[in-house]
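Trainee: Pick one part of this model and take me through it up close. Start with a bit of overall context, please.

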Amino acid sequence: QQPMLLISHTVAAVLFSAGHFCNISWLGKHAMKIYLGVLACSTVMLIGSESVDGAAVFQLSPMQLQLCYLALVFPVVYGLFLYGMKGLETRGMAYGALAYFPFALILLVIPTMSGMLTYSFAAWAMLAVTIRKNWFSVPGHHRIRNIFVPVIFLAFALTGAFLSVKGTRLQVFLNPWQDSVDTGRVYCLLRDAVAQAALWGEGRADLSVIPTLSENYVLVYGIQRFGLGAFAVLMLLILGIGMFCIVRGMQQRTMLGTLLVLAVALTFVLQAFAYAYANLGYGLWDTLSFPFLSRGNTALLLDSLLLGCMLSVLRTGVWLRDAEPQKYGIKLLQIEKR
């Protein structure tokens, strides 16, 4: 386990450095190629995946890639696609709306409902911002009508998510004590552990009875070890950092910078709060990992790459601008000469 842990953290450090020092203009220049490449690779991995403990896994020796974590990458790639549609008016907006569905369908097939909702909310926000700032250059009298296009994303995502919940699972979610031996057992254990936690300091719950604690319920350990107050401070800190990044993203001078920062910040915040909600014993769907805290090599690698890319935008955004001329629907990003 130790050599594997060392390898995964070394690769994560390399990916973070690659993202942090990458040329953001290259991402903008090859936005459509990246979208199509990620879509093709995701489809191949989905076809070649196998089920391990109910999760879709793609074997990539010496690592196993859990496909549910593709939901962390899809928002960024979708943001690149929207950037590629800049200035194409109604046609660009229509293509942008249609580009949401291939990734959404992949997440439904995997399946990962929390990943599906995370991707959908991030995509909805990015498309809404793109329309609001009129980066598609849609004529003014069409913009009010077109602002409702992002609602399609949420309607599709919520419909798919709730259809995946069977009646018995919903009943157990609402009242887990009616099935405390089978499906509702983990819900009961988690809610009991939270109920026995102190405001500050150690609680009284026995965490050894909770299965997969280190992978799926690391926040429960933190609640028992440090208290509910520390948990609240952590979540407020995550929310505060996320809001700060979102505000900084909206202040970027370029469309590409704004969309990349929004995609990563929203993904991290949604990922963290979905995980926290499940740790309190109220998770209706599967969860993704908590960024950089819970175990999982795939999540660690992808989160490191995304964080590096976002910091790269925040570091270099002041020197970037969208340059003319437009080529194949993509306005290339260039560095301003001082």
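Mentor: Of the 338 residues in the chain, 49% are buried, meaning under 20% relative accessible area, with over 50% called exposed and anything in between partly exposed (1.4 Å probe, protein chains only). Keep in mind that this is a predicted model, where local features need pLDDT of at least 70, side-chain atom pairs need 80 or more, and totals for chains, interfaces and linings take in all residues. Numbering runs from 1 along each chain as its sequence is written, and side-chain values use heavy atoms, with hydrogens and water left out.

The chain has 16 helices and five strands; those are DSSP runs numbered from the N terminus (helices: H or I, at least four residues; strands: E, at least two). Looking at contacts (heavy atoms within 4.5 Å) between residues at least 6 apart in sequence, 69% link residues at least 24 apart.

Now zoom in on α4 (residues 70-84) and α7 (residues 113-132): their axes come within 9 Å and cross at roughly 20°. Those axes are lines fitted to C-alpha atoms over the stretch in contact, with angles from 0 to 180 degrees between N-to-C directions. So α4 counts as roughly parallel to α7, the label for angles under 35 degrees. The crossing is right-handed, i.e. the near helix is turned clockwise from the far one by less than a right angle.

As for who touches whom, α4 brings A71, F74, P75, Y78, G79 and L82, while α7 answers with G115, Y119, A122, A123, M126, L127 and T130. That contact splits into 10 nonpolar residues, three polar and no charged; Gly is counted as polar here, and Tyr and Pro as nonpolar.

Conventions: Angles under 35 degrees count as roughly parallel, over 145 as roughly antiparallel, 65 to 115 as roughly perpendicular and the rest as oblique.
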